Amino acid sequence: MTDFERIANHFNQTAKCRRLKDGKPQVSYEPGCLHIGCEHPKCACSYNGHGDEPLSVTLAKWQELHG
């Protein structure tokens, strides 16, 4: 398991959304696009990035804004 997978799995299992009690933020990655956020359509915690920086740095930024 890579560091990215380990960090993403931990985040996906433990993250909670402060905006929605039932919101469950998740990390997903498609080549060139990193997405973090709830699947809930009314939640504003989504973040889309290029995936060119380490996941831990991106998650720290997301946490400051939405976590």
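Trainee: Which residue in β2 is the bridge partner of Val27?
Mentor: Quick ground rules: this is a predicted model, where local features need pLDDT of at least 70, side-chain atom pairs count only at pLDDT 80 or more, and totals for chains, interfaces and linings use all residues. Residues are numbered from 1 along each chain as its sequence is written, and side-chain values use heavy atoms, leaving out hydrogens and water. β1 and β2 pair in the antiparallel sense over five bridges (strands are DSSP runs of E, at least two residues, and helices of H or I, at least four, numbered from the N terminus; pairing takes at least two DSSP bridges). In β2, the partner of Val27 is Ile36.

Trainee: Which strands stand at the edges of the sheet?
Mentor: The sheet is open, with the order β1-β2-β3 and antiparallel pairing. Two strands have a single partner strand each, so one side of each lacks a neighbour in the sheet: β1 (26-30) and β3 (47-49).

Trainee: Which strands does α2 touch as it packs on the sheet?
Mentor: Contact here means heavy atoms within 4.5 Å. The direction of α2 makes about 40 degrees with that of β2 (axes are lines fitted to C-alpha atoms, for helices over the stretch in contact, and angles run from 0 to 180 degrees between N-to-C directions).

Trainee: Which residues does Phe11 touch?
Mentor: Leave out residues up to four places away in sequence. Then the list for Phe11 is Pro25, Gln26, Val27, Ile36, Leu59 and Trp62.
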